[in-house]
Amino acid sequence: MRARSQGPQQRVTLCTSCNEPLTMDVSAKSVSCPHCHQRVITEPATIKEYVAVRNYKVANHAHITKKGIVVANVRADDLRVDGRLKGNVVALQGVHITKKAEVIGDVRASWLVVDEGSVLVGHVNVGPAGVPELEKLKG
């Protein structure tokens, strides 16, 4: 007997440009925000090399690998840093800075894990007050 499809699974996150709620299929790689009409990247991002841009935005998980070097302000649902990041971070969920990783910039997140041996230089704002954008998801 065949299993019935219950329709596409949906997830809700915030637009990386206007911070308005977005509902999308979990398999979507990018969507257009109906509020600001900007393209929103919704697939997980893995950065394995040098990347220098003004803003690096992804409405999903972002991972900077050991060989990854990012010079940009990063906006993600959650972020794991194994390499180096120079720029401010806004993570709706949280940030994990692993051993030997380096983050130079301000961090705003719901939670933060800084492993022994890592470097974090900047202002840190963690907890519900650190990410006021999340209020839009509750409403």
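A: **A strand and its partners**

Let's begin with Arg84, which lies in strand β9, residues 84-86. Strands here are DSSP runs of E with at least two residues, and helices are runs of H or I with at least four, both numbered from the N terminus. The model is predicted, so local features need pLDDT of at least 70 and side-chain atom pairs count only at pLDDT 80 or more, while totals for chains, interfaces and linings use all residues. Residues are numbered from 1 along each chain as its sequence is written, and side-chain values use heavy atoms, leaving out hydrogens and water.

Leaving aside residues up to four places away in sequence, Arg84 touches Ile64, Gly68, Ile69, Val70 and Glu102, where a contact means heavy atoms within 4.5 Å. Met24 is 60 residues from Arg84 along the chain, and the C-alpha atoms of the two are separated by 31 Å.

Now for the pairing. Strands β8 and β9 run parallel and are joined by 3 bridges; two strands pair if DSSP finds at least two bridges between them. Within this pairing, Val70 has Leu85 in β9 as its bridge partner.

Strand β6 (residues 50-57) runs parallel to β8 (residues 69-81), with 6 bridges joining them, and Lys57 stands opposite Arg75 in β8. Strand β7, residues 61-64, also pairs with β8 in the parallel sense, over 4 bridges; here Ala62 has Leu79 in β8 as its bridge partner. With strand β10 (residues 89-97), β8 pairs in the parallel sense over 7 bridges.

As a last stop, here is a surface feature. Trp111, Val113, Val124 and Val126 form a nonpolar patch on the surface, with about 310 Å² of accessible area together. The elements giving two or more residues to this patch are β12 (107-114) and β14 (124-126). Patches are made of residues with over 30% relative accessible area and no salt bridge, joining like charges within 9 Å and nonpolar side chains (Val, Leu, Ile, Met, Phe, Trp, Tyr) within 5 Å. A salt bridge is a side-chain nitrogen of Lys or Arg within 4 Å of a carboxyl oxygen of Asp or Glu, and accessible areas come from the Shrake-Rupley method with a 1.4 Å probe, where for residues only the protein chains shown count as cover. Val124, in strand β14, is partly exposed, with a relative accessible area of 41%.

Conventions. Buried means under 20% relative accessible area, exposed over 50%, partly exposed in between (1.4 Å probe, protein chains only).
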